[in-house]
Amino acid sequence: MIHNRTVIEARPAPTHTIGPVAWLRANLFSGPINTILSLAAIYLLVSLLVPTIQWAFIDADWVGTSRDDCSREGACWVFINARIGQFIYGLYPRHEIWRVNVTFGLFAVLIAWLAIPRLPLKRWVAVATLVVFPFVAFALLYGGRFGLPVVETHRWGGLMLTLVLAVVGMVAALPIGTLLALGRRSKMPIVKSFSVIFIEFWRGVPLITVLFMASVMLPLFLPTGMNVDRLVRALIGITLFQSAYMAEVIRGGLQAIPRGQEEAAAALGMGYWKRMGLIVLPQALKMMIPGIVNTFISLFKDTTLVMIIGLFDLLGIVQAALSDSRWLGFSVEGYAFAALVFWIFCFSMSRYSQYLERKLHTGHKR
Amino acid sequence: MSHKNNKFALLTAATGLALATTAAAQAATLEDTRAQGVVQCGVSDGLPGFSSPNDQGEWQGIDVDVCRAVAAAVFGDSEAVRYVPLNAVERFTALQSGEVDVLSRNTTWTTTRDTTLGLNFTGVTFYDGIGFLVNKDLGLSSAKELDGAAICVQAGTTTELNVADYFRANGMQFDPIVFDTSEQTVGGFQAGRCDVLTSDTSQLAALRIQLENPDSAVVLPEVISKEPLGPVVRQGDDQWFNIVKWSLFAMLNAEEMGISSDNVDDMLSSDNPDIARLLGQDGNYGEAMGLEADWAYNIISQVGNYGQVFDRNVGMDSPLQIERGINELWTNGGIHYAPPVR
């Protein structure tokens with residue numbers, strides 16, 4: 001009796017629920033207030049974006065060698081073009097630049113190896129990165145070994161110097177910060193009070209003060225004729241400063257691990273370092289990723305402060321270039337370029353940390 | 001130079017003075033410099049025409065050329081310099097602690113700096129002072145006509161105080177419009193917020209270039225304060241003091257005698273006894289300073305005479321187009337006057 005078994009063909013969804021019009025209606029114009037807000041936002045966006053694009057692309061000058069090649073109606077990217085080598089390598093001698101390229105190429109390969117999960121031999125690569133690479137990098141960048149001519153640190157600059165400061169600061173601050181965090185939670189009075197005093201002192205002074213002390217006061221206390229390199233002074237200052245911040249981020253993570261974890265590990269007969277290294281820290285570090293990356297990003301941007309002690313980091317070399325009498329008046333272009341480079345680096349770090357969080361996600365996330 | 005951080009600079013420098021005097025007592029800078037192979041020279045971390053890195057990454061400017069002249073005198077090689085970029089705060093510490101041996105960083109010669117800081121100024125490379133930039137359309141020819149003007153000035157500099165003094169002294173009123181940075185000051189002037197832009201004359205030229213139409217503005221002839229800028233060395237080493245002092249004098253004397261980097265080789269055979277003495281053809285005046293007889297020849301052939309240095313970096317051959325004015329030689333109506341080589 002049942003004949004009516006023909007299946008009705010699937011039909012597309014009604015036009016008012018799909019497609020761009022429906023999306024607009026649902027998300028931007030779902031009511032009078034939202035419509036007004038959306039229109040206002042669109043107006044603001046357009047009135048900002050149009051002149052920016054006009055300035056940065058349409059009216060901009062791209063080719064040339066001097067300021068005469070710029071019409072001054074739009075951006076003068078000729079300035080960036082002419083100086084790009086200096087912005088990246090600072091005053092590093094032109095024919096020695098390959099050493100910087102090799103160093104950072106090597107570093108990129110090592111980091112990529114550690115960052116991509118599929119590649120093998122992680123442990124050895126990690127050891128190479130942390131133990132061998134710093135010496136190789138120093139030998140390459142500074143020279144004086146293997147027949148390489150010495151390039152003194154006052155010629156380092158630009159993006160290269162920014163990266164050196166940031167990478168050394170990050171790599172050194174993480175282990176020191178971990179030790180300080182463990183020390184602060186320790187029950188041993190000397191270890192604990194040292195950690196507390198160290199952290200509270202370095203967190204209590206602004207980085208700019210630390211750098212000023214390192215560059216203005218320190219030379220007067222040292223014996224005559226003894227000069228600590230200014231880059232080394234800045235590196236030590238930044239590392240100590242960041243370690244204190246890192247310690248507090250890590251302590252926050254450690255406190256989030258239930259006490260039972262450590263007690264269970266102790267019940268299995270593990271000593272202090274095994275309990276920390278195998279049970280507590282792996283769980284804690286995973287949860288601390290946003291905090292650690294936050295500290296890294298702020299460290300990366302804080303490196304610009306070395307400008308005040310006469311080191312030309314990326315921003316410093318841009319400012320120095322702005323004072324060349326042949327290129328006066330291109331500060332907007334210079335700062336826009338510096339901002340873009342900083343944004344690219346910080347955004348990449350942020351994206352990688354999000355990826356890492358997803359990868360290590362094992363159910364703790366709420 | 002009028003700098004925001006002047007007071008702080010003095011303070012920090014004075015704090016370290018007790019320690020610095022021990023450092024200052026070190027003599028034999030020349031031997032140390034010879035051993036190092038380079039002259040350690042402190043320069044500004046970026047000031048148009050005075051010191052800034054060019055497209056090739058080489059330092060250039062009038063302050064930089066003083067460093068090069070000293071290197072040419074000591075080593076016969078004007079490239080044997082280690083430039084240390086310094087900001088206004090750390091410049092004196094760097095000199096006192098021996099990080100640099102010559103400070104050639106647009107530093108104004110004042111009593112305090114010359115005496116209590118334990119430093120010695122060796123001469124004047126540039127006579128600077130506060131000047132006024134006005135819109136050409138106003139048709140002004142003198143600062144005395146500025147009564148009631150709105151003046152754009154950078155906050156926290158001594159410029160602000162000097163301008164107030166000048167207007168009070170001349171019984172005039174003015175309306176200060178204060179900006180934080182020099183770029184904002186230019187912007188304010190351009191937007192018509194003020195009739196007059198004031199700063200050191202060396203900087204006015206650089207500010208003028210940043211206007212959309214640089215020809216629309218002129219610099220008034222009056223200079224209302226004394227800012228003699230010169231190289232500085234530590235007290236306690238007279239030999240080194242003499243070397244830096246006479247490196248500058250050699251360039252001034254060369255200009256006065258008409259010797260330039262182009263004709264210095266021809267001048268070697270000159271009959272003029274002044275020229276022969278300066279270039280080391282008659283007697284050895286370098287010996288008393290611990291230098292070779294051709295010390296001045298090396299300076300002139302590699303760096304040039306004072307006029308060349310001025311024109312190349314801040315004068316008519318540079319984008320800054322600063323008039324020689326008071327920086328002319330005494331023979332041309334200026335006040336640069338170098339003692340004779342004898």
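Of the 342 residues in chain B, 53% are buried. The model is predicted. Its chain B contains 14 helices and 14 strands. The C-alpha trace of chain B extends over about 60 × 50 × 40 Å along its principal axes. Among contacts in chain B with a separation of 6 or more, 75% link residues 24 or more positions apart.

Two domains are assigned in chain B: domain 1 covers 6–127 + 228–332, and domain 2 covers 130–225. The centres of domain 1 and domain 2 of chain B, taken over C-alpha atoms, are separated by 31 Å. Contact between these domains of chain B involves 9 residues of domain 1 and 5 residues of domain 2. On the side of domain 1 of chain B that touches domain 2, 6 residues are nonpolar and 3 are polar, with no charged residues.

Chain B also meets chain A, in a contact that takes 37 residues from chain B and 29 residues from chain A. On the chain B side of this contact, at least two residues each are supplied by the helices α2 (17–24), α5 (91–96) and α9 (201–209) and by the strands β2 (52–53) and β4 (81–86). The side of chain B that touches chain A comprises 14 nonpolar, 16 polar and 7 charged residues.

Note on methods: Residues numbered from 1 in each chain as written. Chains lettered and ligands numbered in written order. Predicted model: local features only at pLDDT ≥ 70, side-chain atom pairs only at ≥ 80, totals over all residues. Domains from an automatic or database assignment. Contact = placed C-beta atoms within 7 Å. Nonpolar A, V, L, I, M, F, W, Y, C, P; charged D, E, K, R; others polar. Helix = DSSP H or I, 4+ residues; strand = E, 2+ residues; numbered from the N terminus. Buried ≥ 20, exposed ≤ 12 C-beta atoms within 10 Å, placed from the backbone.
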